[in-house]
Amino acid sequence: MAALGWLTPRRRSATARSVLAGEAAAEAARKTSLQLEREREEEAAETVPAEPEFPVVGDVRAAAFFDLDNTVMQGAAIFHFGRGLYKRKFFQRRELARFAWAQVWFRLAGVEDPAHMQEARDSALSIVKGHRVSELMSIGEEIYDEYMADRIWPGTRALAQAHLDAGQKVWLVTAAPVETATIIARRLGLTGALGTVAESVDGVYTGQLVGELLHGPAKAEAVRALAAAEGLDLARCAAYSDSHNDIPMLSLVGHPYAINPDTKLRRHARNLEWRLRDYRTGRKAAKIGIPAAAGLGAVAGGTAAAVALHRRRR
């Protein structure tokens, strides 16, 4: 039987081979573990966004400033407000046609025309002159439900909510009356609003403005003043707008966004590598700024009214 001993491994050799097998397995496991770890790191690097997380949670020296018209809401707040006042017989059909034409222009061009803004301002001031501020605030609540609530852009609303969730304040900045802007801000759960201030004495509108419309450079000055009062660092703040008229405000902050931008703002934003978001749908909407979801019927109706008015004048 001794001659067959070579078929039966000796205990010492078996032990050595076991040790060798164990060491080889351990080394292979270590190498595999390192390889898997590298692969996970590479996958994580690919999924991490190129830009840092924003807004920064807990950064109380940062805030967000949102333009209203065509940024947060489809169309212009002042024109929706005018529709509501007309419904309540604050003025006659002729003034309504003026409001309608300005709104049609705004929706077709997707930009704020200074002449139309001036006309809207003068019309609004003449309409509210002699009325109590409390009366217009109460009516404004109703008008929001009737004409504005379903015109809020969900995408922009989500951006504002992200800042609120991060513990930051969020302000509307608009040429609309501050009372109207405040109602919208409150309904959306925002911090507050910067808007055009109409003069009032003993709670009654005089028909005059305090300064001028909060438009263009005036918005930038309002944001600058509020930031100083609130102790904000503008380099850590964000601003959102659709209009090239708001480039002064957008340029103030460290995080400017072009939302549903007009042609001039889109070009400017691309040149400066600002972030862009466009929540309009449809090829035509992307080109000329008509919110497709709003429906072309309203635009057609307003256009027909404007054409009829033009023919009567002729």
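**View 1. T71 and D67 meet through their side chains.** A polar contact of 2.7 Å links the side chain of T71 with that of D67. Welcome to this predicted model; this pair makes a handy place to start. T71 lies in the loop between β1 (63–67) and α2 (77–87).

**View 2. T71 is a buried residue with partners from elsewhere in the sequence.** With a relative accessibility of 0%, T71 falls under the 20% cut-off, so T71 counts as buried. Which residues is T71 in contact with, leaving aside its neighbours within four places in sequence? They are W153, T156, Y240, S241, D242, I259 and N260.

**View 3. Strands β7 and β8 run parallel.** Look again at I259, one of the residues in contact with T71. The bridge partner of I259 is R277, in β8.

**View 4. Six strands form an open sheet.** Reading across the sheet, the order is β3-β2-β1-β6-β7-β8, and the pairing is parallel. Why is one side of β3 (192–196) and of β8 (275–277) left without a neighbour in the sheet? Both strands stand at the edges and each has a single partner strand, so there is no neighbour on one side. From one strand to the next, the twist averages 20°.

**View 5. Helix α7 packs on the sheet.** Here you can follow α7 through residues 178–187, where the helix touches β2 (169–177) and β3. The direction of α7 makes about 145° with that of β2.

Key
Residues numbered from 1 in each chain as written. Predicted model: local features only at pLDDT ≥ 70, side-chain atom pairs only at ≥ 80, totals over all residues. Heavy atoms only, no water. Pairing = 2+ DSSP bridges. Helix = DSSP H or I, 4+ residues; strand = E, 2+ residues; numbered from the N terminus. Axes fitted to C-alpha atoms, helices over the stretch in contact; angles between N-to-C directions. Contact = heavy atoms within 4.5 Å. Buried < 20%, exposed > 50% of the residue type's maximum accessible area, 1.4 Å probe, protein only. Polar contact = N/O pair within 3.5 Å; in protein donor to acceptor, adjacent residues only side chain to side chain.
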